[in-house]
Amino acid sequence: MQQLPHFLEHMARLSVGSPPQHIVLGLSGGLDSVVLAHALVTYGYTVTAVHINYRLRGEASEADAVFVQEYCRDLGIACHVEVFDTAHITPSGDSLQAFARSLRYEVFARIAHAVGASFVAVAHHADDQAETMLLNLLRGTGIEGLAGMPPKRPFSKEVGVWIIRPLLSYRKRELIQYARENKLIWREDTSNHHLKYRRNVVRQRLMRIIRKDFGDKAISHIVATANDLRGYLDHDFYDKLSTLFEAIQGDGNALRLKNLHDLPVVWRKRLYLEALKRWLPMASQTRDLLGRIDLLLTSQPGMRLILPDAVIWRDRETILFMKEVPVSSETFQLRPGMPCETPWGVFEVDLLYTDDPEELLRNRDPNTEIWAAPPKNMGFYIRAWAIGDHFRPFGMQGHAKKISDFLTDAKVPAAQRKHVPVFLAGSEIWAVLGQRPCESARITPQTKQVLRLRWLPSVTS
C-alpha cells in the first residue's frame, strides 16, 4: 500500500495528536476526500465520516451517499449521512454554494461535539488554495484574502473544535497519483464543471490559461506566495490587530476618533472590518463600506451610515456601530433652551441676537449649525422627511425641489434616504439635516437674529 509522503509531518504541524486521535472528516465521495479518508485510516487515526446529501442532483446525489456509506464500510470507519431537501431553496450560483457550505459546517460542528472530536478535517489541496487566492483577488480582498485558506482555524461557535486541512501542501496531481497507486475509486461531481459558479470559472478557464501560458510551476508559485502571506499574518499581524483594537475601542461598540486619526488608512479600514465582524456581523463587509466609514472621520458629528440591518454613527469622539433601531414617524418639537431627544440624537435649539453673525459662524463647534432665524416666531420641529416634502436648497435659485430628488442628486445611498431627518420652522423645511439648509436660512449682513441648532450625544446610545 502506497503512503502519502510526509503526511504525519503535516499533521504534526497542525498540532493534531498522534493516532488514534479522533477526527471528523467531511467526505463528499470525490477524489480529494476519498484520498484523505484513506490516508487517515492508513496512519491509524480514528475517523467519523460525515456526508451531506443536498438532493440537488437527483439520482446522482443518492448514488453519492450510497458510495460514501460503502466506502466507509470498506475502511471500517463510522459514517454519518445528513440529508437536506434543498432542491426547492431560492439561492442560486455562488449564493447556493455559500448556503451549502454553511449547512455542512454546521453539521460538522454538531457531529464533532457529539463524538467528542477536537478536529474536523476537510480535503482542500494546494490547487484549491491557488483558486481561492485568485478568486479573492478578483472579488476584491485584503492581505488576509490573498493568504487563502488557513491550514487550521477554530470553529467560531464550537470551543475547542478546529477545522484542519491536512492536504493543503499537496498538488492535485499528487492526490491523483496516490489514488491510482492504491486503486481507489471516487465519484465525479458534474456541478464542478458548471460555469455558473465563479470558482469553476477560475478552475476551468483561468487556471488552464495560467498552466498553458506560464507553466504548472506558476500554480506552485501562487500557493507559495499565499503561504508566505499566511506566515506573516500568523507571526504578528493578528496580535498587533488585537492590541490595536483594544487600545482604540471606546465604551460599548465604539472606536475612538482620536486614536483612528493617528493611524494610516490601511490600518483604519482593517479596524473597521474587525468592528463589523464583532459587532455587526450581518453587515456586508465590502471595500466600499470601509471607505464610507472612513469618511465619517471628517464628517460632522451626527452623520450616520444607514445599513439594511444596522447604523454606523459619527459621535463627537467615537464612531458607533449599532444594530438599526427603526426611525419613528413622530414629529419632535424643539423649544428654545430645552434639549429634545430624537431617534437621530439629542438636539437643542436657541434664538440669538447678534450684530456679527459671521463671528458666530467662525467660532461655532463642529456639532452646531447656525442659520438665519425665520422672520417671525414659530415652532421648531424635527422629523423624518416624507414623500411630497420639498424645499429650496441653499444656493439654488428658482423653484423648490423635492427632497427625494435632492437626496438622489446628493448621492445619498438609497438605504440611507428614508432615515434622513428634516428641521422645520413652522411648516417650512428649514434644513435637511446633515445635508443643506434652505435658501431662506442664508445669513446676510442684515441678519440680526440667528437660529442655533446644537447636536448632543443621545443619552440612550
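Reader: Phe380: buried or exposed?
Author: Phe380 is buried, at 3% relative accessibility. Buried means under 20% relative accessible area, exposed over 50%, and partly exposed in between, with a 1.4 Å probe and protein chains only.

Reader: What kind of model is this?
Author: The model is predicted: local features need pLDDT of at least 70, side-chain atom pairs count only at pLDDT 80 or more, and totals for chains, interfaces and linings use all residues. Residues are numbered from 1 along each chain as its sequence is written, and side-chain values use heavy atoms, with hydrogens and water left out.

Reader: How many aromatic pairs?
Author: The count is 13 aromatic pairs. Rings of Phe, Tyr and Trp (its six-membered ring) pair if their centres lie within 6.5 Å; planes under 30 degrees apart are stacked, over 60 edge-to-face, the rest tilted. One of them is Phe245 with Trp279, a tilted pair with 5.4 Å between centres and 50° between planes.

Reader: Where do Phe245 and Trp279 sit in the chain?
Author: Phe245 is in helix 9 (residues 217-248) and Trp279 in helix 11 (residues 265-279). They are 34 residues apart, and the pair links distant parts of the chain. Helices (H or I, at least four residues) and strands (E, at least two) are DSSP runs, numbered from the N terminus.

Reader: Why does Phe245 count as buried?
Author: Because its relative accessibility is 0%. Trp279 is buried too, with a relative accessible area of 11%.

Reader: Back to Phe380. Why is its pair with Phe423 stacked?
Author: The planes are at 20° and the centres 5.8 Å apart, so the Phe380 and Phe423 pair is stacked. Phe380 is in strand 15 (residues 380-384) and Phe423 in strand 18 (residues 421-425), 43 residues apart. Phe423 counts as buried, at 0% relative accessibility.

Reader: Which residues do ring pairs link into a cluster?
Author: Tyr105, Phe108 and Phe155.

Reader: What lies over the face of Tyr105?
Author: Arg101, at 4.5 Å from the ring centre. The test is NZ of Lys or CZ of Arg within 6 Å of the ring centre and within 35 degrees of the ring normal. Lys152 lies over the face of Trp162, at 4.5 Å from the ring centre.

Reader: New topic. Where is Arg270?
Author: Arg270 is in helix 11. It is buried, with a relative accessible area of 8%.

Reader: Which side chain does Arg270 join through a polar contact?
Author: The side chain of Glu144, at 2.6 Å. A polar contact is a pair of N or O atoms within 3.5 Å; within protein, one must be able to donate a hydrogen and the other to accept it, and residues adjacent in sequence count only if both atoms are side-chain atoms.

Reader: What else does Arg270 touch?
Author: Leaving out residues up to four places away in sequence, Arg270 touches Glu144, Phe237, Leu241 and Lys277. Contact means heavy atoms within 4.5 Å.

Reader: How many residues has helix 11?
Author: Helix 11 has 15 residues. Its first and last C-alpha are 21 Å apart, close to the expected 21 Å. That expected span is 1.5 Å times one less than the number of residues.

Reader: Backbone now. Where is the cis peptide bond?
Author: Between Pro19 and Pro20, with omega about 10°. Pro20 lies in the loop between helix 1 (7-13) and strand 1 (22-26).

Reader: What is phi of Lys183?
Author: Near 55°, a positive value in a residue other than glycine. Lys183 is exposed, with a relative accessible area of 73%.
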